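Thanks, everyone, for making the time.

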Amino acid sequence: MGKWLLIVSGVIAIAIIAVLIGQARESTKVNELAETLIQSASQPEINIVDFDSFSELPLPVIRYFKHVLVDGQKLIKTARMRQSGMLRTSVTNEGWSAFTAQQLVVPSTPGFIWNAKVETPFATHVRVLDSYTTGIGSGRVSLLSAFPIASEAGVPELNSGALHRYLAEAVWFPTALLPQSGVIWSPINDHSAMATITDRGTTVSLEFRFNEVGEVIGIYSPGRFGIFTSGYKQVPWEGHFRDYQVRAGMRVPLYGEVGWYVDGVLQIVWKGDLMDVLYELEQ
């Protein structure tokens, strides 16, 4: 009995050491990505918000900027966000998993790193690391934040999908939507406008939808790239935002959700709350 107890104890000790080594390795990858993202930042030529420069923008976009920003404020250099919510791995999966995430965004480059811990059965978890840095989209999933089980980077469809996501999430770091941040706005109607951004050869566009107050309440793309059963394909994609609150003098939504259209029906696959956000402004 004592012999078997020693064997079991040894196996457990080896497993714990393997997990710790794996977690350290994966943590190093996150730090390297963050360093690359921050170092790729550029200094904007105009680093303040100027309401007088908005005259050529579509009216709902002008209302939005004047509602969520302050004239003369500095542009956001970095945003560090903490989120919590629920997600599911596909439109056909009925099961939802809880997640907590930290996200670093550098608008001037542009790019982001989303580092999420997703709960799984038996008190385990998977680490989901999504990023867009120097024009490269990447996704990495690791069991227990230690053992990689899926990884892909640099595929053109993934680059496009990641840039689409960056543009949609810019409502959480709104100076990134300014023309001086590289976004081109085109009118649609009194309550919507098209935003287009190009980065390192990849161009994406999103329809932004506004309410009467001037808040962005939704985004829509007729064809964002995503991974489905048959591989990458472009599928209609939509998101919703609500519960705007003032953070560091800017109005940002505290709740967001996104999903894909399947047979004409919107299937939400991600919904989350902004728990807190720390902004560093340009100097």
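**Side-chain contacts and backbone exceptions**

The side chains of Q83 and Q103 are joined by a polar contact of 3.5 Å, where a polar contact is a pair of N or O atoms within 3.5 Å, one able to donate a hydrogen and the other to accept it within protein, with residues adjacent in sequence counting only if both atoms are side-chain atoms. This is a predicted model, in which local features need pLDDT of at least 70 and side-chain atom pairs count only at pLDDT 80 or more, while totals for chains, interfaces and linings use all residues. Residues are numbered from 1 along each chain as its sequence is written, and side-chain values use heavy atoms, with hydrogens and water left out.

Q83 also has a polar contact of 2.7 Å to the side chain of W114. Strand β1, residues 76-87, holds Q83; strands here are DSSP runs of E, at least two residues, numbered from the N terminus. With a relative accessible area of 2%, Q83 is buried, the classes being buried under 20%, exposed over 50% and partly exposed in between, with a 1.4 Å probe and protein chains only.

Turning to the backbone, most residues other than glycine have a negative phi, and most peptide bonds are trans. The bond from T109 to P110, however, is cis, with omega near -25°, and P110 sits in the loop between β2 (97-106) and β3 (111-120). A123, not a glycine, has a positive phi of about 60°, and it is exposed at 84% relative accessibility.

Note on methods
Helices (H or I, at least four residues) and strands (E, at least two) are DSSP runs, numbered from the N terminus.
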